[in-house]
Amino acid sequence: MSGIQIFEPAQCGCSGGCGGGAAGFDADFEWAAQNGAKIERISPSRQPAAFAENMALQAVLARSGSDALPLTLVNGEVVLTGRYPSRDELAGWGDIFEKMTAPKGHCCGCCGG
């Protein structure tokens, strides 16, 4: 399973009131966590050491500034900057696969029927 870290702008996160997709991301974050993804949200105001010590994050911030936030790392590698990940992206990185069920009264779809 992948380790996902979301580095957020200072005003975002659990107690922050930030726009830019954070409100919609809250539900996707909870969904991913409840489905077994190893995921954490990191705020510079709550976890300043995590911001200061992460070299991948610091390199991107040095090049792009705070416009790169939110920034997503998967297993320490930068995979997304400037926006929150979608539920589909979280599912892929977190090895989450929703159980697919055939509608009642239909076959499994394997034979085209």
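## The β3-β4 hairpin

In the hairpin formed by β3 and β4, 2 residues lie between the strands, and Asn75 has a positive phi near 50 degrees. The model is predicted; local features need pLDDT of at least 70 and side-chain atom pairs count only at pLDDT 80 or more, while totals for chains, interfaces and linings use all residues. Residues are numbered from 1 along each chain as its sequence is written, and side-chain values use heavy atoms, without hydrogens and water.

Strand β4 (residues 77-81) is antiparallel to β3, with 4 bridges between them (strands pair if DSSP finds at least two bridges between them). Val78 is the bridge partner of Leu73 in β4.

## Strand β3 and its other neighbour

Strand β1 (residues 3-7) also runs antiparallel to β3, joined by 4 bridges. Here Gln5 stands opposite Leu73.

Strand β3 (residues 71-74) is covered on both faces: Leu71 and Leu73 are buried on one side, Thr72 and Val74 on the other (buried means under 20% relative accessible area, with a 1.4 Å probe and protein chains only).

## Whole chain

The chain contains 4 helices and 4 strands (DSSP runs: H or I of at least four residues for helices, E of at least two for strands). Their order from the N terminus is β-α-β-α-α-β-β-α. Of the 113 residues, 35% are buried.

Conventions:
Buried < 20%, exposed > 50% of the residue type's maximum accessible area, 1.4 Å probe, protein only.
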